[in-house]
Amino acid sequence: MRAKSAHAQTVKFLPAAVEWQSWRRRFQPDARVHCSGGGGVAALPVGQSSAPVPDLLYFSSMKSLLIKHPCKKGTALYLGRQLFFTRNNFESSLLPFSIPTSMKVGTPEVTSAHFAGSVLLLVVNAKVYIYDYEEGSWKASAGIKHPISHITGENCCYNEHPFCMDISNSVFAYLHGDEISQTTIYISDTWGYKFQKYAHARQAELVGSLGGIFHLHSLSQIGLLVFHQGKAKFVYSDHPLNQSFGLPFDYNGTLDILIIPGQKGFLIFWFENSLLVSRNAGQLVDPVQVQEGPNTLYSSIFEAQITIHSVAANENELAVLTRGSNLYYGSLGILTNFLIKFAHQNVWSQEAALMFTNLGMLEILTPLPDTVFPAFDFQKCPVNIQAVLMDPQLQVDVCKVELLQGDFENKMYVIDMNSKLELTALMIPRLGTSPIPLAVVSNPHSVGLQAITYEDGYTFGGNIKHRLNISLRQQHHSGRADPNFTSSIKRPAISTITLDIANKEISCVDLKPLTALISVGCDLKKKIVIQNKISACYKGILDPVALQDNYTYIIEKEAYDPQFQGKMANKDMVVYYRYEELGCPLLVFYDTPWKPVVELWREETFQEVVEAEYVLLELNGLFTYTYSLTAGTALCRSQPQNWTSIMHNASKERPFAWDRENYVSCHDPSNNAPLEWPEVPYQILGGRTANKVIFNQRNGIYVFFISVVDPYYSYCHLETTFSVYVYGAFPLPFIHAEVTMILLIVTALLSVWLAYMVPKLLHMEQGHSFRGFWVGLCRRCRQSCACFR
């Protein structure tokens with residue numbers, strides 16, 4: 001059976017290209033609201049103020065904007081002479097959006113808006129206010145001390161990983177047009193509830209005005225947009241892009257900036273006479289070309305003499321409504337960069353705004369006041385893009401690809417340190433065509449890509465199947481990147497992988513690119529496990545039943561320090577053994593140098609034995625163990641870290657925070673700390689040294705905390721706790737060795753003296769009496785013993 005393209009099937013059943021529809025829904029007062037003697041207030045839709053005279057919000061600009069929540073379908077905000085908030089795509093009548101008078105906003109002028117997670121942020125009269133539309137409540141942001149005009153942020157719609165939540169949480173607030181070196185920028189990681197000052201590393205040295213600040217997650221950078229004397233450029237925060245600027249581009253008027261959803265790095269810059277696009281988070285910004293008819297192509301909006309009224313975009317498409325009532329459409333492809341003019345339609349009005357409702361489906365929205373009620377209805381003009389492009393007058397080429405699919409579409413993956421990711425895709429072109437598939441990553445500084453394409457059979461219709469194998473890994477380990485090109489390997493990063501068709505025809509409306517989100521960071525499914533082949537229970541030293549029955553043991557005061565400083569405590573400590581967490585202790589002989597065998601697991605699958613550097617700490621403060629190596633014998637170039645220095649700088653929340661983020665190797669040539677005490681114990685195990693733990697002469701249970709500190713092994717904080725039972729140590733003598741030696745010497749001298757004096761005394765009269773006494777005593781003893789026979 002011949003493979004058919006999705007768009008070919010869709011066109012067959014499409015209705016007319018442009019169809020006017022008007023939904024007229026009346027606002028009905030809630031019959032459950034009862035009036036009091038002083039007059040009542042009609043019930044209002046969710047989100048509206050119930051105050052007698054609410055502050056009606058309005059947009060500061062003369063144009064109309066429509067902001068959609070990228071993750072929650074139906075949730076959107078219309079900004080114009082009035083504001084309208086909807087959670088059902090404007091399907092019902094709405095009252096103008098208002099803010100309670102109790103917020104005391106003053107002039108209710110809105111200059112910027114942004115959806116952050118499940119809240120709506122609005123800049124009203126130079127301050128940020130939060131509307132929680134789930135709860136229907138308002139709140140003012142905290143921490144902002146200076147006037148601001150704009151807020152920016154992104155939303156991540158993959159909810160199964162914490163880093164995705166971090167993307168949605170991050171919000172910037174700033175004053176547009178302020179002097180860049182003097183302005184105050186604010187950042188929030190709490191959906192805008194609380195802000196704090198943000199200082200860019202190069203902010204003080206920059207010349208010009210602030211055009212915006214953006215967390216460019218597709219590039220794992222924070223970008224400052226600076227404009228000066230009609231030119232603008234991006235300044236980035238981290239290596240390697242912090243060493244240079246993005247290429248300058250024309251900055252005419254006050255450009256509105258759209259961050260396209262999906263973390264692919266697409267930015268749209270627009271003003272009345274300017275429309276620019278960037279596919280790589282502002283590094284390159286190019287004007288959008290305009291095609292009017294088959295033979296007319298303008299290099300820019302300005303050259304085409306177009307005055308833009310409204311702009312809409314989704315992950316793959318761009319639409320423009322002009323004041324001349326013309327509609328333009330373009331696709332956001334990897335290489336394509338132009339708009340095509342549709343047939344003239346009388347759809348423009350001052351309040352009109354554009355909105356994509358689905359792939360290839362566009363709506364022109366216009367709020368219309370109701371003649372009876374204070375609510376507004378929304379007139380909708382739906383435009384079926386695919387049907388319009390089928391117009392022969394446009395002379396649009398037919399899409400050359402029938403199928404492009406991959407199992408990674410709209411999924412999220414994690415690439416941890418030293419790991420890689422393999423993806424596959426299938427492309428089926430039309431007969432007689434040879435389209436070129438193109439795979440790109442948004443962050444090539446962190447992710448390396450290698451793609452292989454090969455023929456993989458035929459369809460029943462004779463079309464060639466092209467299989468693509470895509471291999472992704474850290475750019476540091478690809479072996480093909482210069483160190484000055486790659487980002488810091490210690491820093492987690494984000495990238496997207498996009499598979500599209502090079503120079504794809506604009507008619508491929510429903511053949512959207514295949515995109516996946518990649519986190520170069522911690523794989524939360526990884527964990528470390530301590531190998532425990534021979535336990536104290538296995539050898540019969542401890543009883544597992546007793547360990548589970550609220551088992552306790554005593555640590556002598558001479559053996560532990562609750563402050564972890566190696567000093568004796570004031571009293572013995574009774575410790576409850578946590579069998580559910582620790583299991584049966586690993587058995588270790590005290591007189592044998594030892595280190596644990598650390599295993600890396602992913603979910604329930606063994607991966608490898610960990611050879612990276614790690615540290616141990618006895619959690620009850622026991623200090624009856626040391627290490628086989630010192631800083632000197634470990635060949636340290638600088639003074640190594642130890643638990644004393646780590647705890648001195650640790651917070652109360654994480655007193656044992658020795659991990660990959662604060663570990664500094666004493667073998668690192670860039671570590672300039674001098675080696676002042678080479679005789680101190682070297683407390684790092686694993687890695688390049690053969691360091692081991694040596695236990696003192698003491699039997700008992702040790703509960704260890706273990707943390708992998710090697711920053712190049714994994715982005716995860718690989719930590720766990722385990723227990724050890726040390727056996728085989730004889731009890732220590734109660735008398736000191738010096739006292740024992742003196743007693744032995746005295747005993748020897750006394751024996752020599754007796755050996756000399758006893759024979760001499762036996763030949764004297766006193767000796768005879770002494771001997772007679774003992775002879776008589778022995779005779780009486782024998783007689784007594786005979787009586788018992």
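Lys-512 and Glu-409 form a salt bridge, with their closest N and O atoms 3.7 Å apart. Their pairing links distant parts of the chain, 103 residues apart: Lys-512 lies in the loop between β39 and β40 (514-520), and Glu-409 in the loop between β33 and β34 (412-415). The model is predicted, so local features need pLDDT of at least 70 and side-chain atom pairs count only at pLDDT 80 or more, while totals for chains, interfaces and linings use all residues. Residues are numbered from 1 along each chain as its sequence is written, and side-chain values use heavy atoms, with hydrogens and water left out.

**Salt bridges**

- A salt bridge is a side-chain nitrogen of Lys or Arg within 4 Å of a carboxyl oxygen of Asp or Glu; the count by this rule is 21.
- Lys-512 is partly exposed at 31% relative accessible area, and Glu-409 is likewise partly exposed at 27% (buried is under 20%, exposed over 50%, partly exposed in between, with a 1.4 Å probe and protein chains only).
- Lys-72 and Glu-134 meet in a salt bridge of 3.5 Å, N to O. Lys-72 lies in the loop between β4 (65-68) and β5 (76-79) and Glu-134 in the loop between β10 (127-132) and β11 (137-140), so the pair ties together parts 62 residues apart in sequence.
- Lys-72, Arg-87 and Glu-134 are linked in a salt-bridge network.

**Sheet**

- Four strands form an open sheet in the order β33-β35-β38-β37, with antiparallel pairing (strands are DSSP runs of E, at least two residues, and helices runs of H or I, at least four, numbered from the N terminus; two strands pair if DSSP finds at least two bridges between them).
- The edge strands, each pairing on one side only, are β33 (401-406) and β37 (447-458).
- Ten bridges join β37 to the antiparallel β38 (residues 464-474), where Leu-449 stands opposite Leu-472 in β38.

**Pocket**

- The second largest pocket has a volume of about 730 Å³ (on a 1 Å grid over the protein atoms alone, a pocket is an open set of points with protein on both sides within 12 Å along at least five of seven lines, and lining residues have an atom within 4 Å of a point; the volume is the space filled by probe spheres set on the points, which are joined across faces, edges and corners).
- Among the 29 lining residues of this pocket, Phe-163, Asp-166, His-215, His-217 and Ile-494 are closest to its centre.
- α2 gives the most to this lining, with five residues.

Technical notes: On a 1 Å grid over the protein atoms alone, a cavity is a set of points where a 1.4 Å probe fits but cannot get out, and a pocket is an open set with protein on both sides within 12 Å along at least five of seven lines; lining residues have an atom within 4 Å of a point.
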